[in-house]
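This report describes selected features of one protein chain. Please keep the sequence and the structure in view while reading.

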Amino acid sequence: MQQKRVLAIHDISCVGKCSLTVALPIISATGIECSGMPTAVLSTHTGGFTGFTYRDLTEDMVPITDHWVSLGLKFEGIYTGFLGSFEQIDLVCDIIDRIGKDDGLVFVDPVMADNGMLYKIFPDTFPQGMKKLCSKADVILPNITEAVLMLGEEYHDGPYTEEYISGLLKRLAALGPKKVVLTGVNFDEKSLGAAAYDAESGEIVYAFSERIPGYYHGTGDIFSSVVVSCIMNGLSLKESIENAVDFTYNSILRTYKAGSDVKYGVNFEEGFPKLLKDMGL
(Lines give C-alpha, C1' and ligand atoms only; values in the text may rest on other atoms or scores of the structure.)
Protein backbone atom coordinates (compact mmCIF):
# COMPACT_ATOMS: atom_id res chain seq x y z
CA MET A 1 0.00 0.00 0.00
CA GLN A 2 1.28 3.46 -0.91
CA GLN A 3 2.25 5.60 2.07
CA LYS A 4 -0.35 8.23 2.97
CA ARG A 5 0.63 11.89 3.03
CA VAL A 6 -0.71 14.49 5.49
CA LEU A 7 -0.13 18.23 5.26
CA ALA A 8 0.11 19.98 8.63
CA ILE A 9 -0.60 23.73 8.41
CA HIS A 10 0.58 25.30 11.67
CA ASP A 11 3.00 27.88 12.98
CA ILE A 12 6.42 26.62 14.06
CA SER A 13 7.74 27.58 17.48
CA CYS A 14 11.40 26.60 17.38
CA VAL A 15 11.45 25.87 21.12
CA GLY A 16 8.50 24.84 23.25
CA LYS A 17 7.03 21.63 21.75
CA CYS A 18 3.80 22.72 20.11
CA SER A 19 2.31 23.16 16.65
CA LEU A 20 4.59 21.82 13.90
CA THR A 21 7.33 20.61 16.27
CA VAL A 22 4.68 18.27 17.71
CA ALA A 23 2.66 17.40 14.61
CA LEU A 24 5.62 16.44 12.43
CA PRO A 25 7.23 13.87 14.76
CA ILE A 26 3.98 12.31 16.00
CA ILE A 27 2.38 11.82 12.59
CA SER A 28 5.66 10.66 11.04
CA ALA A 29 6.30 8.15 13.83
CA THR A 30 2.99 6.44 13.07
CA GLY A 31 3.98 5.72 9.48
CA ILE A 32 2.26 8.66 7.79
CA GLU A 33 4.34 11.01 5.64
CA CYS A 34 3.92 14.45 7.19
CA SER A 35 4.61 17.60 5.19
CA GLY A 36 4.53 21.02 6.80
CA MET A 37 3.34 24.47 5.78
CA PRO A 38 4.51 26.96 8.43
CA THR A 39 2.19 29.93 8.85
CA ALA A 40 4.67 31.77 11.08
CA VAL A 41 8.05 31.17 12.70
CA LEU A 42 8.64 32.01 16.37
CA SER A 43 11.78 31.57 18.46
CA THR A 44 9.60 30.09 21.23
CA HIS A 45 5.89 29.74 21.78
CA THR A 46 4.19 32.68 23.50
CA GLY A 47 3.18 31.03 26.78
CA GLY A 48 5.58 31.73 29.63
CA PHE A 49 8.29 33.30 27.45
CA THR A 50 9.07 36.97 26.87
CA GLY A 51 11.15 38.59 24.14
CA PHE A 52 10.29 35.93 21.56
CA THR A 53 10.73 36.63 17.85
CA TYR A 54 7.84 36.34 15.39
CA ARG A 55 7.84 36.27 11.60
CA ASP A 56 4.53 36.04 9.75
CA LEU A 57 4.64 33.79 6.67
CA THR A 58 1.21 34.53 5.20
CA GLU A 59 2.72 35.87 1.97
CA ASP A 60 4.57 32.57 1.43
CA MET A 61 1.51 30.32 1.63
CA VAL A 62 0.22 30.91 -1.91
CA PRO A 63 3.63 30.52 -3.64
CA ILE A 64 4.22 27.28 -1.71
CA THR A 65 0.81 25.99 -2.78
CA ASP A 66 1.40 27.07 -6.39
CA HIS A 67 4.65 25.10 -6.46
CA TRP A 68 2.98 21.99 -5.06
CA VAL A 69 0.18 22.28 -7.62
CA SER A 70 2.82 22.47 -10.38
CA LEU A 71 4.25 19.19 -9.03
CA GLY A 72 0.84 17.54 -9.05
CA LEU A 73 0.92 17.00 -5.28
CA LYS A 74 -2.24 15.91 -3.50
CA PHE A 75 -2.67 15.10 0.19
CA GLU A 76 -4.76 12.32 1.72
CA GLY A 77 -5.07 14.44 4.84
CA ILE A 78 -4.88 18.16 5.64
CA TYR A 79 -4.53 19.12 9.30
CA THR A 80 -4.77 22.75 10.41
CA GLY A 81 -3.94 24.29 13.77
CA PHE A 82 -3.26 27.84 14.92
CA LEU A 83 -4.04 30.40 12.21
CA GLY A 84 -3.21 34.00 13.01
CA SER A 85 -5.64 35.96 10.85
CA PHE A 86 -8.79 35.94 8.73
CA GLU A 87 -6.51 36.05 5.69
CA GLN A 88 -4.84 32.80 6.71
CA ILE A 89 -8.24 31.16 7.23
CA ASP A 90 -9.27 32.17 3.71
CA LEU A 91 -5.98 30.91 2.28
CA VAL A 92 -6.35 27.56 4.04
CA CYS A 93 -9.89 27.17 2.65
CA ASP A 94 -8.40 27.66 -0.82
CA ILE A 95 -5.49 25.29 -0.13
CA ILE A 96 -7.93 22.54 0.88
CA ASP A 97 -9.74 22.93 -2.44
CA ARG A 98 -6.54 23.01 -4.48
CA ILE A 99 -4.41 20.20 -3.04
CA GLY A 100 -6.70 18.04 -0.91
CA LYS A 101 -7.65 14.72 -2.51
CA ASP A 102 -11.32 14.29 -3.35
CA ASP A 103 -11.48 11.31 -0.99
CA GLY A 104 -9.04 12.82 1.51
CA LEU A 105 -9.78 13.99 5.05
CA VAL A 106 -9.64 17.50 6.48
CA PHE A 107 -8.89 17.92 10.19
CA VAL A 108 -9.37 21.34 11.80
CA ASP A 109 -8.16 22.14 15.29
CA PRO A 110 -9.63 25.65 15.76
CA VAL A 111 -6.87 26.91 18.05
CA MET A 112 -7.98 30.32 19.31
CA ALA A 113 -9.12 30.14 22.94
CA ASP A 114 -8.89 28.34 26.29
CA ASN A 115 -10.18 28.61 29.84
CA GLY A 116 -13.23 30.58 28.76
CA MET A 117 -11.26 33.30 26.96
CA LEU A 118 -10.48 34.10 23.34
CA TYR A 119 -6.73 34.66 22.86
CA LYS A 120 -6.00 38.38 23.17
CA ILE A 121 -4.54 38.67 19.67
CA PHE A 122 -7.91 37.85 18.08
CA PRO A 123 -10.91 40.15 17.54
CA ASP A 124 -14.28 39.05 18.89
CA THR A 125 -15.39 38.16 15.35
CA PHE A 126 -12.60 35.60 14.86
CA PRO A 127 -14.65 32.56 15.98
CA GLN A 128 -17.00 33.18 13.04
CA GLY A 129 -14.04 32.95 10.67
CA MET A 130 -12.93 29.70 12.27
CA LYS A 131 -16.51 28.44 12.07
CA LYS A 132 -16.30 28.88 8.28
CA LEU A 133 -13.16 26.72 8.15
CA CYS A 134 -14.76 24.07 10.36
CA SER A 135 -17.62 23.79 7.87
CA LYS A 136 -15.08 22.43 5.33
CA ALA A 137 -13.69 19.82 7.74
CA ASP A 138 -14.37 16.12 8.08
CA VAL A 139 -13.13 16.16 11.69
CA ILE A 140 -12.95 19.14 14.06
CA LEU A 141 -11.10 19.11 17.38
CA PRO A 142 -12.09 22.12 19.52
CA ASN A 143 -11.79 22.49 23.26
CA ILE A 144 -14.95 23.54 25.10
CA THR A 145 -14.08 27.25 25.02
CA GLU A 146 -13.56 27.18 21.24
CA ALA A 147 -16.75 25.17 20.82
CA VAL A 148 -19.01 27.63 22.64
CA LEU A 149 -17.40 30.64 20.95
CA MET A 150 -18.14 29.20 17.50
CA LEU A 151 -21.68 28.38 18.57
CA GLY A 152 -22.27 31.80 20.13
CA GLU A 153 -22.99 30.27 23.53
CA GLU A 154 -21.91 31.18 27.04
CA TYR A 155 -18.91 29.38 28.57
CA HIS A 156 -19.07 27.79 31.99
CA ASP A 157 -16.60 25.64 33.90
CA GLY A 158 -17.07 21.92 34.46
CA PRO A 159 -17.81 19.41 35.74
CA TYR A 160 -20.34 18.95 32.95
CA THR A 161 -23.24 16.59 32.41
CA GLU A 162 -23.44 14.01 29.64
CA GLU A 163 -26.56 15.77 28.40
CA TYR A 164 -24.69 19.07 28.00
CA ILE A 165 -21.69 17.47 26.25
CA SER A 166 -23.82 15.42 23.87
CA GLY A 167 -25.80 18.53 22.97
CA LEU A 168 -22.62 20.50 22.37
CA LEU A 169 -21.25 17.75 20.11
CA LYS A 170 -24.41 17.64 18.01
CA ARG A 171 -24.59 21.42 17.66
CA LEU A 172 -20.97 21.43 16.50
CA ALA A 173 -21.68 18.68 13.97
CA ALA A 174 -24.44 20.88 12.56
CA LEU A 175 -21.69 23.25 11.39
CA GLY A 176 -20.73 20.65 8.78
CA PRO A 177 -18.08 18.16 9.99
CA LYS A 178 -18.81 14.44 9.97
CA LYS A 179 -16.96 13.88 13.25
CA VAL A 180 -16.45 16.11 16.29
CA VAL A 181 -13.77 15.55 18.93
CA LEU A 182 -14.20 17.75 22.01
CA THR A 183 -11.43 18.18 24.59
CA GLY A 184 -11.52 19.50 28.15
CA VAL A 185 -14.45 17.26 29.08
CA ASN A 186 -14.92 16.26 32.70
CA PHE A 187 -17.81 14.83 34.70
CA ASP A 188 -16.02 15.14 38.06
CA GLU A 189 -13.06 16.96 39.59
CA LYS A 190 -10.67 13.99 39.43
CA SER A 191 -10.69 13.18 35.72
CA LEU A 192 -10.24 14.97 32.40
CA GLY A 193 -10.60 13.78 28.86
CA ALA A 194 -12.42 13.97 25.55
CA ALA A 195 -15.73 13.16 23.91
CA ALA A 196 -16.32 12.36 20.25
CA TYR A 197 -19.39 12.23 18.04
CA ASP A 198 -19.88 10.51 14.70
CA ALA A 199 -22.71 12.38 12.98
CA GLU A 200 -23.25 9.58 10.47
CA SER A 201 -23.70 6.77 13.00
CA GLY A 202 -24.95 8.88 15.90
CA GLU A 203 -22.40 7.28 18.24
CA ILE A 204 -20.89 9.27 21.13
CA VAL A 205 -17.77 7.95 22.86
CA TYR A 206 -15.64 9.14 25.77
CA ALA A 207 -12.09 8.70 27.05
CA PHE A 208 -10.73 9.96 30.37
CA SER A 209 -7.57 10.01 32.44
CA GLU A 210 -6.60 11.14 35.90
CA ARG A 211 -6.26 14.94 36.21
CA ILE A 212 -2.67 16.07 36.88
CA PRO A 213 -2.09 19.43 38.62
CA GLY A 214 -0.81 22.32 36.53
CA TYR A 215 -1.07 23.74 33.01
CA TYR A 216 1.01 22.13 30.28
CA HIS A 217 1.75 23.90 27.00
CA GLY A 218 1.31 22.07 23.71
CA THR A 219 -0.81 19.21 25.02
CA GLY A 220 -3.76 20.15 22.80
CA ASP A 221 -1.50 19.87 19.76
CA ILE A 222 -0.21 16.52 21.00
CA PHE A 223 -3.73 15.20 21.49
CA SER A 224 -4.95 16.36 18.08
CA SER A 225 -1.86 15.01 16.30
CA VAL A 226 -2.45 11.56 17.78
CA VAL A 227 -6.12 11.63 16.74
CA VAL A 228 -5.09 12.57 13.19
CA SER A 229 -2.50 9.78 13.16
CA CYS A 230 -4.96 7.17 14.42
CA ILE A 231 -7.77 8.07 12.02
CA MET A 232 -5.38 8.19 9.06
CA ASN A 233 -4.20 4.70 10.08
CA GLY A 234 -7.77 3.38 10.00
CA LEU A 235 -8.55 3.24 13.73
CA SER A 236 -12.06 3.87 15.00
CA LEU A 237 -13.08 7.17 16.57
CA LYS A 238 -13.20 5.52 20.01
CA GLU A 239 -9.74 3.97 19.60
CA SER A 240 -8.40 7.28 18.34
CA ILE A 241 -9.47 9.36 21.34
CA GLU A 242 -8.50 6.61 23.80
CA ASN A 243 -4.97 6.52 22.36
CA ALA A 244 -4.78 10.31 22.27
CA VAL A 245 -5.91 10.72 25.88
CA ASP A 246 -3.52 7.99 27.06
CA PHE A 247 -0.53 9.37 25.14
CA THR A 248 -1.19 12.95 26.29
CA TYR A 249 -1.74 11.88 29.91
CA ASN A 250 1.49 9.89 30.04
CA SER A 251 3.42 12.74 28.42
CA ILE A 252 2.17 15.09 31.14
CA LEU A 253 2.79 12.54 33.91
CA ARG A 254 6.37 11.96 32.72
CA THR A 255 6.99 15.71 32.79
CA TYR A 256 5.29 16.19 36.16
CA LYS A 257 7.32 13.44 37.82
CA ALA A 258 10.56 14.83 36.40
CA GLY A 259 9.80 18.30 37.76
CA SER A 260 10.62 19.83 34.37
CA ASP A 261 9.99 23.46 33.50
CA VAL A 262 6.56 23.16 31.89
CA LYS A 263 6.95 26.14 29.57
CA TYR A 264 9.31 24.02 27.46
CA GLY A 265 6.56 21.50 26.79
CA VAL A 266 5.98 17.91 27.85
CA ASN A 267 8.04 14.79 27.27
CA PHE A 268 6.03 13.06 24.57
CA GLU A 269 9.02 11.56 22.78
CA GLU A 270 9.49 8.68 25.22
CA GLY A 271 5.89 7.59 24.70
CA PHE A 272 6.24 6.50 21.07
CA PRO A 273 6.92 2.78 21.70
CA LYS A 274 3.71 2.40 23.72
CA LEU A 275 1.67 4.48 21.26
CA LEU A 276 2.75 2.40 18.29
CA LYS A 277 2.00 -0.81 20.19
CA ASP A 278 -1.44 0.49 21.22
CA MET A 279 -2.15 1.43 17.61
CA GLY A 280 -1.14 -2.03 16.41
CA LEU A 281 1.74 -0.70 14.31
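Helices of at least four residues and strands of at least two are DSSP runs, numbered from the N terminus. The model discussed here is predicted.

## A loop residue and its surroundings

Asn-233 is situated in the loop between H7 and helix H8 (237–258). With a relative accessible area of 27%, Asn-233 is partly exposed. Leaving aside residues up to four places away in sequence, Asn-233 touches Thr-30, Ile-32, Met-279 and Leu-281. Asn-233 and Lys-4 are 229 residues apart along the chain, yet 8.8 Å separates their C-alpha atoms.

In soluble globular proteins, nonpolar side chains tend to be buried together. The largest nonpolar core of this model contains 47 residues, and the members that touch the most others are Leu-7, Ile-9, Leu-133, Ile-165 and Leu-182. Helix H3 (residues 86–99) supplies the largest share of this core, namely seven residues. There is also a second, separate core of 42 residues, including Phe-107, Val-139, Ala-244 and Tyr-249.

Which residues does Leu-7 touch, not counting those up to four places away in sequence? Its contacts are Ser-35, Gly-36, Met-37, Trp-68, Phe-75, Gly-77, Ile-78, Tyr-79, Ile-95 and Ile-99.

## The packing of H1 and H7

Two packed helices are described by the angle between their axes and the distance between the axes. For helix H1 (residues 20–29) and helix H7 (residues 219–232), the angle is about 30 degrees and the axes are 9 Å apart. Angles under 35 degrees count as roughly parallel, and H1 and H7 are therefore roughly parallel to each other. The crossing in which H1 passes H7 is right-handed.

On the H1 side, the contact is made by Val-22, Ala-23, Ile-26 and Ile-27. On the H7 side, Asp-221, Ile-222, Ser-225, Val-226, Val-228 and Ser-229 take part. Seven of the residues in this contact are nonpolar, two are polar and one is charged.

## A covered helix

How many of the eight residues of H5 are buried? Six of them are, and H5 is thus described as mostly covered. The buried residues of H5 are Ile-144, Thr-145, Glu-146, Ala-147, Val-148 and Met-150. Among the elements that cover these residues are E6, E7, helix H4 (126–134), H6 and strand E9 (179–185).

## Backbone exceptions

Most residues other than glycine have a negative phi, and most peptide bonds are trans. The peptide bond from Gly-158 to Pro-159 is cis, with omega near 5 degrees. Pro-159 is placed in the loop between helix H5 (144–151) and helix H6 (162–173).

Ser-19 and Asn-115 are residues other than glycine with a positive phi. For Ser-19, phi is near 50 degrees, and the residue is found in the loop between strand E1 (5–15) and H1. Asn-115 has a phi of about 50 degrees and lies in the loop between strand E6 (113–114) and strand E7 (117–118).

Is each of these two residues buried or exposed? A residue counts as buried under 20% relative accessible area and as exposed over 50%. Ser-19, at 5% relative accessibility, therefore counts as buried. Asn-115 has a relative accessible area of 54%, so this residue is exposed.

Terms used
Residues numbered from 1 in each chain as written. Predicted model: local features only at pLDDT ≥ 70, side-chain atom pairs only at ≥ 80, totals over all residues. Heavy atoms only, no water. Core = buried A, V, L, I, M, F, W, Y, C linked by side-chain atoms within 4.5 Å. Buried < 20%, exposed > 50% of the residue type's maximum accessible area, 1.4 Å probe, protein only. Contact = heavy atoms within 4.5 Å. Axes fitted to C-alpha atoms, helices over the stretch in contact; angles between N-to-C directions. Parallel < 35°, antiparallel > 145°, perpendicular 65-115°, else oblique. Left-handed = near helix turned anticlockwise from the far one by under 90°. Nonpolar A, V, L, I, M, F, W, Y, C, P; charged D, E, K, R; others polar.
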